[in-house]
Amino acid sequence: MISSISTTCINSASIPFLSFVSAVSSSSSPSSRIQGASCALSASSLLYDMDNGGSPSLFPLHRCKTIHLVRHAQGIHNVEGDKNYKVYMSPEYFDAHLTQLGWSQVENLRKHVHSSGLIKKIDMVITSPLLRTMQTAVGVFGGESYTDSMDILPLMVADAGNSGRAAISSLNCPPIVAVELCREHLGVHPCDQRRTVSEYKRLFPAVDFSLMESDEDNLWKADIRETKEEVAARGAQFLNWLFTLKEQEIAVVTHSGFLFHTLAALGNGYHPLVKKEVCSHFANCELRSMVVVNKSMISSEPSPTNYPGKIPAGPDLPSSDVSDKGGAKDSHS
């Protein structure tokens, strides 16, 4: 259950492996629950090791997922907090919303995901259930402007979270699902405390909150902050959970701290240049596309593009080179 987030330290034998991709791949709603999701994934390097002369590895398509990691756009807490870390302790920034500059960043990323064709390939968008991440998620991946004449729920109502923005439609966009596991570093900082799910449902009517197990924020503690190791363990749990989903191409809108600690724990075994790409801090509204590989023996649905062969069945004919050498009989035996 999400409310009992594991804080077990992770090791190299129990975490997934991520790799960068330059192209993207292939839908339904989340039917699996987060409880019990655990894939024994290996962190062994799959990358081309230029220093050691290693070679790339191949993995079945159905054991891989493409994920597009996005850090939220600039929030009101980022403006002063980047100058003075103590600002993050201020109650003034409770569940911080986006700045106007942040909304400009959202618009620019939205243009990119549309011009690149990425919006047509994403099966699902997963978002942290905080105001700034949900504003970013619906602004980047949502539909066009919403009007009252539409016979659908809006993803976001007008002026949600003091945004000053028009309502956003849920038409012709991937489903957007709120998930606790990809929240920011929990505890102490009011900007990382969420509102009730009931309030969020009024602000984001078409966002799916069905995986939220508590209306109140039972994870954030005023006097206890997660350790870096606990954040990384939660990140590994989140990536493992992704493999319980049928969706193959998923966008994840989350936070700087969550991304940094999660990815840093997966950084061993990379070439130094690739490690820098994977593990460096995300800028506001930055998107990086990666592949997560499930190397475990846990069963998964076969790739829909696989074909069994031998249809219709029949005896194989010897290849020409074997036949020419008179070795067909030996080859078949």
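The following legends describe close-up views of a predicted model.

**Figure 1. Confidence along the predicted chain.** The chain has a mean pLDDT of 81, and 77% of its residues reach 70 or more. Residues 19-53 stay under 50, and the model has 97 contacts beyond four places in sequence for this stretch. The pLDDT is also below 50 over residues 327-333, a stretch with 7 contacts in the model beyond near neighbours in sequence.

**Figure 2. Salt bridge between Arg 195 and Asp 95.** This pair belongs to a structure that holds 12 salt bridges. The closest N and O atoms of Arg 195 and Asp 95 are 2.6 Å apart. Arg 195 lies in the loop between β6 (176-178) and α4 (197-203), while Asp 95 lies in the loop between α1 (76-81) and α2 (100-115), so that the pair links distant parts of the chain, 100 residues apart. Both Arg 195 and Asp 95 are buried.

Figure 3. The side chains of Asp 192 and Arg 132 meet with an N to O distance of 2.7 Å. Because Asp 192 is in the loop between β6 and α4 and Arg 132 is in helix α3 (residues 131-141), the pair ties together parts that are 60 residues apart in sequence. Asp 192 and Arg 132 are both buried.

**Figure 4. Salt bridge between Glu 80 and Lys 83.** The two side chains meet at 3.8 Å, N to O. Glu 80 counts as partly exposed because its relative accessibility is 34%. Lys 83, at 64% relative accessibility, counts as exposed.

**Figure 5. Surroundings of Glu 184, a buried residue without a salt bridge.** Glu 184 is placed in the loop between β6 and α4. Glu 184 is buried and has no salt bridge; Arg 132, the nearest side chain of opposite charge, is 5.1 Å away. The side chain of Glu 184 instead reaches the backbone nitrogen of Phe 258, at 2.9 Å. Leaving aside neighbours within four places in sequence, the residues in contact with Glu 184 include Ser 128, Arg 132, Asp 192, Glu 226, Arg 234 and His 255.

**Figure 6. Helix α6 and its buried residues.** Helix α6 (residues 256-264) is largely enclosed by the rest of the structure, because 7 of its 9 residues are buried. The buried residues are Ser 256, Gly 257, Phe 258, Leu 259, His 261, Thr 262 and Leu 263. Among them, Ser 256, Gly 257 and Phe 258 are also in contact with Glu 184.

Figure 7. Beyond its neighbours within four places in sequence, Phe 141 is in contact with residues including Val 70, Arg 110, Val 113, Ile 119, Ile 122, Val 125, Cys 173 and Pro 174.

Key: Residues numbered from 1 in each chain as written. Predicted model: local features only at pLDDT ≥ 70, side-chain atom pairs only at ≥ 80, totals over all residues. Heavy atoms only, no water. Salt bridge = Lys/Arg side-chain N within 4 Å of Asp/Glu carboxyl O. Buried < 20%, exposed > 50% of the residue type's maximum accessible area, 1.4 Å probe, protein only. Helix = DSSP H or I, 4+ residues; strand = E, 2+ residues; numbered from the N terminus. Contact = heavy atoms within 4.5 Å. Lys, Arg positive; Asp, Glu negative; His and termini not counted. Polar contact = N/O pair within 3.5 Å; in protein donor to acceptor, adjacent residues only side chain to side chain. pLDDT = per-residue confidence, 0-100.
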